[in-house]
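Please look at the sequence and the structure shown below, and keep both in view while you read the explanation that follows.

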Amino acid sequence: MNQDNFNKKHLRLILISLLLLFFIYALVAHFLDKKYLEEGKTLYTVGVVNDYLSQGKQGSSIEYSFYLNNEYFVNSNDKGKATENSIYKKFRYETEKMKKLLVGKKFFVKVSEEKPKYNQIYLSKPVAVDFQYEEGQTWKTIPSGAIEN
């Protein structure tokens, strides 16, 4: 009986520790995103959606890629922010429909100048078909007329 109590206490301690570590990780990630994307120096570039996955009510994941300073970046946005304020929000749980709507389409990506691994794609800012740019080109703000209506 003492062995069972001992094992249950250890299991509880391990579970609480894992939850605490996950919470700390999420908190640090949130503050780093805020530091580099909201408070730091940022640029905009053009990215292309490569894939879309929906995990139901748990959220979605959008894989996208872009060039910056002759370097190729692939990122996955699974925070749910990408669909905010976009026409795609109502379809975010319909994986196949979202894939058809998004894969291959170009959108503006906000990138930290200091640490480009901190970036955010904006599905509410699709690149206009007639907008001309060079691969990897950046702007301090999105140029007027560059967003598709």
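**A walk along the chain**

Leu27 has its place in helix α1, which spans residues 2-39, where helices (H or I, at least four residues) and strands (E, at least two) are DSSP runs, numbered from the N terminus. This is a predicted model, in which local features need pLDDT of at least 70, side-chain atom pairs count only at pLDDT 80 or more, and totals for chains, interfaces and linings use all residues. Residues are numbered from 1 along each chain as its sequence is written, and side-chain values use heavy atoms, with hydrogens and water left out.

With a relative accessible area of 38%, Leu27 is partly exposed, because buried means under 20% relative accessible area, exposed over 50%, and partly exposed in between (1.4 Å probe, protein chains only). Together with Leu20, Phe23, Ile24, Val28 and Phe31, Leu27 forms a nonpolar patch on the surface, with about 580 Å² of accessible area in total. Patches are made of residues with over 30% relative accessible area and no salt bridge, where like charges are joined within 9 Å and nonpolar side chains (Val, Leu, Ile, Met, Phe, Trp, Tyr) within 5 Å. A salt bridge is a side-chain nitrogen of Lys or Arg within 4 Å of a carboxyl oxygen of Asp or Glu, and accessible areas come from the Shrake-Rupley method with a 1.4 Å probe, where for residues only the protein chains shown count as cover.

The chain as a whole has two helices and five strands, and from the N terminus on its elements run α-β-β-β-α-β-β. Strand β1 (residues 42-54) pairs with strand β4 (residues 106-112) in the antiparallel sense over seven bridges, two strands being paired if DSSP finds at least two bridges between them. In this pairing, Val46 stands opposite Phe108 in β4. Strand β1 also runs antiparallel to strand β2 (residues 60-68), to which seven bridges join it, and here Asp51 stands opposite Glu63 in β2.

Strand β2 also holds Ser61, which counts as buried at 12% relative accessibility.

Ala146 touches Phe108, Pro126, Val127, Ala128 and Phe131, not counting residues up to four places away in sequence, where contact means heavy atoms within 4.5 Å. Ala146 and Asp130 are 16 residues apart in sequence and 8.2 Å apart in space, C-alpha to C-alpha.
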